[in-house]
Amino acid sequence: MCSCPFIAKLIPWDLLMENVQNYLPIEMKVHLSTITIKLKNFIENKIDPSTKWIENSLILVEACLDKTWETLNSGYWQFVPIEYRYCYSLCVILKAVLLEFQCEINSKEATKKITLLKNVVQQIDKGILLGAPFPNISDLLPQIASKLNHTIESSKTLNFEKLNIKSGDLHDSELLSRFTEIKHYDEPSMELFYRDMFKPKVPAILTGCIKHWKALERWQDLSYLSKIAGNRMVPIEIGSRYTDEDWTQQLSTFSEFLQKYILTKNDKVGYLAQHQLFDQIPELKEDFMVPEYCNFTDDDDNNTVEPPDINAWFGPMGTVSPLHFDPKNNLLCQVFGYKRVILYHPDDSSNLYPYDTKLLNNTAQVDPLNPNEEKWPNFSKAKGLIGYLKPGEVLYIPPKWWHHVTALTPSFSISFWWN
């Protein structure tokens, strides 16, 4: 009788074979297509592969993974050929099916199965983070990870208390004296937003616009977040700001991130920053909506607005986004916690001393909170805006406006970037 792994049932094998034939590097295709065809035949004919074949196939898949990993980590990420990222995605899928077959054949213990599935979810997450979605089944990896996570979420889940975040005294009078406050609007209409903010490219803090989001209440309950995302692998930035010399990145499970950096005082700041968490874990999308303001476009020749890029920003008190600009419109929505934001007009760019390296040319060398005016004499000419972002508030940041963001408490924000 065929063990028929749970994961194997989630895979459209014919579509997967199309990707193997069309998108893999030639040196990988020979080995991986053979394994894919045989797995497909085993499953369709309800036959268990031999233990020896599984072991040999795992060795081969691991070798392909190692070779692909080397390619992904040599040179700049944007120059990595896309076929190697497809290859990484395929390898983690094949490895997951082979491991589950191995477990089903060799052990029926429920605890071993749960441990395996947790490991497999993390392997699939690495495929989501480092691989590329297949052209004809783009949501395959997130779907597999979500369904696997759903089957194991009833196992032991860490229980966290609901966050109780107090704002304290947000406003620093000495700091406020150096800036103009960002204007606030209460539930602005679409017409008002377009006329007074979007069209003239004027920053503003919007209140009352996301009060219907379930996330505002639910995500303060870290047990809720842990149940949905606890076993998932996420990229964490280590260090208070990405311009620091000791700044680095690492992968961590979401629960480990909560325990180590959100609930425990740590010498190092850990930040889940600028991550497309909601593509990786689509269940969380059910707790918020894309603001209607994102329907406006700067492209007068195109009436079709592309969906915004949605990023998560979750970290403890003390995370800092150094002064930088982005090329797109941005709605920064505060789910919980408090942030201070300092803004400068694009016309002030030369007064902010951008780095002259290609990698950091959108980042200023000057720190607006502690400027070295001898080193950066023209900074005194820059005229900044300041605002304090509270739970349920939204900050509109126009394209190329410089912004410096500091978390004053543990904080979760969602940004929507669009043209």
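Modeller: A residue is called buried under 20% relative accessible area, exposed over 50%, and partly exposed in between. The model is predicted.

Colleague: Why is Asp-309 called partly exposed?

Modeller: Its relative accessible area is 26%.

Colleague: What makes the contact of Asp-309 and Lys-328 a salt bridge?

Modeller: The N to O distance is 2.9 Å, and the cut-off is a Lys or Arg side-chain nitrogen within 4 Å of a carboxyl oxygen of Asp or Glu. The pair therefore qualifies, and since Asp-309 lies in strand S7 and Lys-328 in the loop between strand S8 (320-324) and strand S9 (329-336), it ties together parts 19 residues apart in sequence. Lys-328 is partly exposed, at 24% relative accessibility.

Colleague: Which residues do salt bridges with shared partners join into one network?

Modeller: Asp-14, Lys-40 and Glu-44 form that network. Within it, the closest N and O atoms of Glu-44 and Lys-40 are 3.0 Å apart.

Colleague: Why are Glu-44 and Lys-40 said to be separated by about one helical turn?

Modeller: Because they are 4 residues apart in helix H3 (residues 26-44).

Colleague: How do you know whether Lys-40 is buried or exposed?

Modeller: Its relative accessible area is 15%; the limit for buried is under 20%, so Lys-40 is buried. Glu-44, at 48%, is partly exposed.

Colleague: How many salt bridges does the rule give?

Modeller: The count comes to 10.

Terms used
Residues numbered from 1 in each chain as written. Predicted model: local features only at pLDDT ≥ 70, side-chain atom pairs only at ≥ 80, totals over all residues. Heavy atoms only, no water. Helix = DSSP H or I, 4+ residues; strand = E, 2+ residues; numbered from the N terminus. Buried < 20%, exposed > 50% of the residue type's maximum accessible area, 1.4 Å probe, protein only.
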